[in-house]
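Subject: Structure handover

Hello,

Here is the structure for you to take over. My notes on what was found follow below it.

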Amino acid sequence: MSRGGRWRFAAAILRTTTMIAVALALGWGAWAVVATLRENSPGVSAAERVPVKRLELKTNAEGVLDRDPDWLVRTLALPKRASLMELDLLALRARVLADGQVLTASLTRKFPDCLVVQVTERMPVARVLADAGGERKTLLVARDGVVFAGTGYDTAMLATLPWLDGMTLARKGGVFQPVAGMDAVSALLAAAQTYAAHLYSAWAVVSLARLDSDRELEVHTRAPQDVTMVFNADTDYFRQLARLNFMWENLANRPGAQARVDLSLGRQVPVMVSESAAPAVSAPGAAVRAEQKPAPAPAWLKFSFSSSPQPNTQREL
């Protein structure tokens, strides 16, 4: 390398070293300024000292958790005198989501002393009896099968929900696992509520006992009726409900009679009617076996639908 080349090479190294040194100095200076401003900032220091005084819960339109003013306090279990800056929002969010009634949750600091919790709630579609702590307890089941205790619901509303039967609640880590097959059950209940509310109001129990093996759901009515309906989980529920509605008045006018309607066979709907004094099912496992007088042999009826019922513009039965 010539003498001029060596000089140019040394000058390049010097320029690079100088630029690196200047960049490091500027970075250190910026960090020092931010640290000084943070240390001397009255707003931040005050927020670090002021304890949380307010918890604000916001839920979706159908939500009911805000009816219980103590639910959020119990769930978060904040330490006394804890400030907003000391809170671990991720850990607190996990506590909120641990309640199966909560589908989504977000937490926001609102200075100087308020923590805002925004949640979206699951809505129950059925009830189930479970053994919890050595006692029988009523739990709620959402559309996605999640099981939860339920907070803030009206007792009258819960009484309208059907019971689930013919399934087993599994536990993992002390927590009930989602009910398998609830997608089929939820679709049936939603169709009945939407298109045939007068039929849905009489439903007491939905059995999943034959869902896995035969893809069938059995529905039992409330007292004083005693009707068992079999639905095909792989067929359009609207058509099956339309056929049930066609024959429902005839079944409802037989007080004290037991009937079984098999809607899973398509257009051929066999109906077995037996005059009996047995009480209708009101809850899973709650049927009473009473002495009965000998009843005549069941009468078999068969309804044949030459074509599938066509819905009107409002799809109402």
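Is Asp214 buried, partly exposed or exposed? Asp214 counts as partly exposed, because its relative accessibility is 41% and the class runs between the cut-offs of 20% and 50%. Please keep in mind that this is a predicted model.

Salt bridges

Side chains of opposite charge can pair when their charged atoms come close. A search of the whole structure finds 13 salt bridges. In one of them, Asp214 is joined to Arg210, with 3.5 Å between the closest N and O atoms. Arg210 is partly exposed as well, at a relative accessible area of 28%. A network of salt bridges links Arg210 and Asp214 with Glu216, Glu218 and Arg260.

Another salt bridge runs between Glu56 and Lys110, where the closest N and O atoms are 3.9 Å apart. Glu56 belongs to strand β1 (residues 54-58) and Lys110 to strand β2, so this pair ties together parts that lie 54 residues apart in sequence. Glu56 counts as partly exposed at 23% relative accessibility, and Lys110 is partly exposed with a relative accessible area of 40%.

Strand β4 (residues 124-132) is mostly covered, with 7 of its 9 residues buried. β4 pairs with strand β5 (residues 135-142) in the antiparallel sense, over 8 bridges. Ala132 has Glu135 of β5 as its bridge partner. The hairpin has 2 residues between the strands, and Gly133 takes a positive phi there, near 65°. A salt bridge also joins the side chains of Asp131 and Arg136, at 3.5 Å from N to O. Both of these residues, Asp131 and Arg136, are exposed.

Helix α4

Helix α4 covers residues 89-97, and its residues Leu89, Leu92 and Val96 are buried. These three span an arc of only 65° around the axis, which means that they sit on the same side of α4. The cover over the buried residues of α4 includes α3 (71-76), β2 (102-110) and β3 (114-121). At the N-terminal end, α4 is capped by Asp88, which has a side-chain oxygen 3.3 Å from the backbone nitrogen of Leu90.

Aromatic pairs

The search of the whole structure finds 3 aromatic pairs. One of them is Tyr195 with Phe238: the ring centres are 5.0 Å apart and the planes stand at 85°, so the pair is edge-to-face. This pair links distant parts of the chain, as Tyr195 is in helix α6 (residues 182-195) and Phe238 is in helix α9 (residues 237-252), 43 residues apart. Tyr195 is partly exposed, at a relative accessible area of 23%, whereas Phe238 counts as buried at 4% relative accessibility.

Trp203 and Phe231 also pair, with ring centres 5.7 Å apart and planes at 55°, so this pair is tilted. Trp203 lies in strand β10 (residues 203-207) and Phe231 in strand β12 (residues 226-232), so the pair ties together parts that are 28 residues apart in sequence. Trp203 is buried, with a relative accessible area of 1%, and Phe231 counts as buried at 0% relative accessibility. Ring pairs link Trp203 and Phe231 with Tyr200 into a cluster.

Regards

Conventions. Residues numbered from 1 in each chain as written. Predicted model: local features only at pLDDT ≥ 70, side-chain atom pairs only at ≥ 80, totals over all residues. Heavy atoms only, no water. Buried < 20%, exposed > 50% of the residue type's maximum accessible area, 1.4 Å probe, protein only. Helix = DSSP H or I, 4+ residues; strand = E, 2+ residues; numbered from the N terminus. Arc of directions from axis to C-beta. Contact = heavy atoms within 4.5 Å. Polar contact = N/O pair within 3.5 Å; in protein donor to acceptor, adjacent residues only side chain to side chain. Phe/Tyr/Trp six-rings, centres within 6.5 Å; stacked < 30°, edge-to-face > 60°. Pairing = 2+ DSSP bridges. Salt bridge = Lys/Arg side-chain N within 4 Å of Asp/Glu carboxyl O.
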